[in-house]
Each structure stands twice: as structure tokens, then as C-alpha cells.
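Subject: Structure handover

Hello,

Here is the structure we talked about passing on. Please open it alongside the notes that follow.

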Amino acid sequence: MTLGDTNTNGDAAQSADVGDDDNAAAQQSPLRRAQSRLLRTWRGALDVVLPPLCLGCQTRLSDHDALCSECWRAIDFIRPPLCDRLGIPMPYDIGGPMISAAAAAHPPVFDHARAVGRYDGLLRQLIHDFKFRDSHNARRLFGRWLCQADPQMVSEADAIVPVPLARLRLLARRFNQAQMLAAEISHIARKPLLPLALKRTRATPHQIGLSRPQRERNVAGAFAVSPGAVPQIAGKSILLVDDVMTTGATASAAAKALKAAGAGRVDVLVLAMVTDTLA
Ligand SMILES: [Zn+2]
């Protein structure tokens, strides 16, 4: 499946769903049929009060949690062929796993990383709104995108762990965006969410403007696994979730803590990557 296949805001997709509901309802008890009718009426009433709008430009759509086709084209999705370790695009496909020069020169601590798209344009704006403007409307769409970015990576995970925020930053922002994304993946993929497994051992200055070596020093040793979570980490495949990967320094520091606690595999799934700094 490609990411483009997930754009279900067309009328055809919506009427197909209604048809399925009717077929299913025909085989149900009178009570279930009444419940189905009520649910459809409620959805219809909700759409009048809160009409489905494009998450990018607020154009009216036929479905919630979606983008219009123009905004969809403005997302720079990352597609194969990819570096097997860093998830950055490769220029050609050799028909098997490939390692980029960057991954060969600086092997990451994590096993594999994948991102939905490049951190620019509309995706950057949607993530910025999500983090700093308390606009969480896109979280369901983000969750679907993350699960579709690498379905095998998600299905092979034993548990989902978000990259934690430092305590002061959490107090200021009131929520951890990585945890919200991890919760969406956990809900869709029906995998255990371990929101408190990883903790920050110290506050770290903002990474903005720092070089890769500076970022690595900044976050070195900044994460640890909570002692009570070790049994849920040891020997397990962990899916580490964050919103943006810039140099991979944060993901590597978090993966190091998870591996020190015995994780057998740590894969990283993010919404967006800054592919220029990773390459
Ligand atoms: Zn739009």
C-alpha cells in the first residue's frame, strides 16, 4: 500500500462505507439496526455542527481527519528506495537492503528508522501547529500515516515507547507530542504503550542550531529506563516514537538507554525527517 492510497476523502469511499453499514445492519438484530441508524444520524448531526475540514487549508471535505487533494500533494512523503538503517531516500534500488554512506560512516544505535515525510512545507506546518498551538486535530491522520510508513516495523514491535520530554518542557507545553503519536499507533496497531518506560535523567538545552557532534554531546546519557519497566523492555522489540528526527542524536541516546535495559531491537518511527542533516 502506498501512502496515497490512504486519502479517503472522496465521495466514492464514503458511500462505499455507508453501503457496508447497510449490508451489515441487514444481518443484525432489530436493536443493533436501531443502534446503527442512531449512530449514522449522530454522525450526520455532528458533521453539520463540526463539518469535516481539510487539516491543511480548512476547505470543506466529505470526511474528517483528512487533507484535500491539493494539500495532500504538498506533503513530501518519503518513499522507497531507502537506507535500511536511517530511512533516508536512496538514489536507486538494488533489489535488497541498502545502507547509505552516512549510516556506514556513523552507524546509529537504533536498528532502523522510518519517517512519513520530509520536514518541510505543509508537514512542517502541521507538526508545528500540533506541538506549539495545541492543535491536535491532525493526530488521527498522523497515527494512520505512521502505521503506514512501515507496516512491518509496526507489526514486529512488542511495545511502543515515546521519546519523553524534559519535566520543565512538559510543564510548559502540558503534553508530550511523541506520547500522543505513540498512543495513536498503539490504538491502531493494538500494541502495548509504555509511556513511562523511558525517562529523562536531566534537562537538555534546545538542539536547534547545534551541529551533529554538539547534539550528540547534548543528549548523551540524558535517558534511562525506569527500573520498574525493565521486564517490559528486556529481550523485546521496541518501537521508539518521536515527531521529528534531525540528526538522529536524540533517537540514538534514547535507543542506547533501551538497549542498556536489554531491548533486543529498537526501531524509530517519526513523522518527519530532516534528510539533509541525516545524509
Ligand atoms: Zn487543503
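Two residues are taken to be in contact if their C-beta atoms, placed from the backbone, lie within 7 Å. Helices (H or I, at least four residues) and strands (E, at least two) are DSSP runs, numbered from the N terminus. Axes are lines fitted to C-alpha atoms, for helices over the stretch in contact, and angles run from 0 to 180 degrees between N-to-C directions.

With those terms, helix α6 (residues 139-149) lies across β1 and β6 (265-273) and runs at about 130° to β1. Helix α9 (residues 177-189) lies across β2, β5 and β6, at about 130° to β5.

Two notes on the source. This is a predicted model, in which local features need pLDDT of at least 70 and side-chain atom pairs count only at pLDDT 80 or more, while totals for chains, interfaces and linings use all residues. Residues are numbered from 1 along each chain as its sequence is written.

The sheet

An open sheet is formed by four strands in the order β1-β6-β5-β2, with parallel pairing; two strands pair if DSSP finds at least two bridges between them. β1 (112-118) and β2 (159-162) stand at the edges with a single partner strand each, so one side of each has no neighbour in the sheet. From one strand to the next the twist averages 20°. β2 pairs with β5 (residues 237-245) in the parallel sense over four bridges, and Leu239 in β5 is the bridge partner of Ile160.

The core

Leu239 also belongs to the largest nonpolar core, which has 65 residues; it is among the members that touch the most others, as are Leu146, Val161, Leu240, Val241, Ala254 and Leu258. Domain 1 (3-73) and domain 2 (101-278) both contribute residues, so this core lies between them. The domain bounds come from an automatic or database domain assignment. A nonpolar core here is a set of buried Ala, Val, Leu, Ile, Met, Phe, Trp, Tyr and Cys residues joined through C-beta atoms within 7 Å. A residue is buried if 20 or more other C-beta atoms lie within 10 Å of its own, exposed if 12 or fewer, and partly exposed in between, with C-beta atoms placed from the backbone. Apart from neighbours within four places in sequence, Leu239 is in contact with Met153, Val154, Ala157, Ile160, Val161, Asp267 and Leu269.

A helix pair

The axes of α10 (residues 212-219) and α12 (residues 249-260) come within 9 Å and cross at roughly 35°. Arg212, Arg215, Glu216 and Val219 of α10 make the contact with Ala249, Thr250 and Ala253 of α12.

Loops

Asp76 sits in the loop between α3 (69-73) and α4 (101-105). Its C-alpha atom is separated by 5.4 Å from that of Gly117, 41 residues apart along the chain. Not counting residues up to four places away in sequence, Asp76 touches Gly117, Arg118, Asp120, Gly121 and Leu123. Asp76 is partly exposed, with 17 other C-beta atoms within 10 Å.

Pro81 lies in the loop between α3 and α4, and a cis peptide bond with omega of about 5° joins Pro80 and Pro81. Most residues other than glycine have a negative phi, and most peptide bonds are trans.

Gln58, in the loop between α2 (30-49) and α3, has a positive phi of about 65° although it is not a glycine. Gln58 counts as exposed, because it has 11 C-beta neighbours inside 10 Å. Asp65 is found in the loop between α2 and α3, and its phi is also positive, near 55°.

Regards
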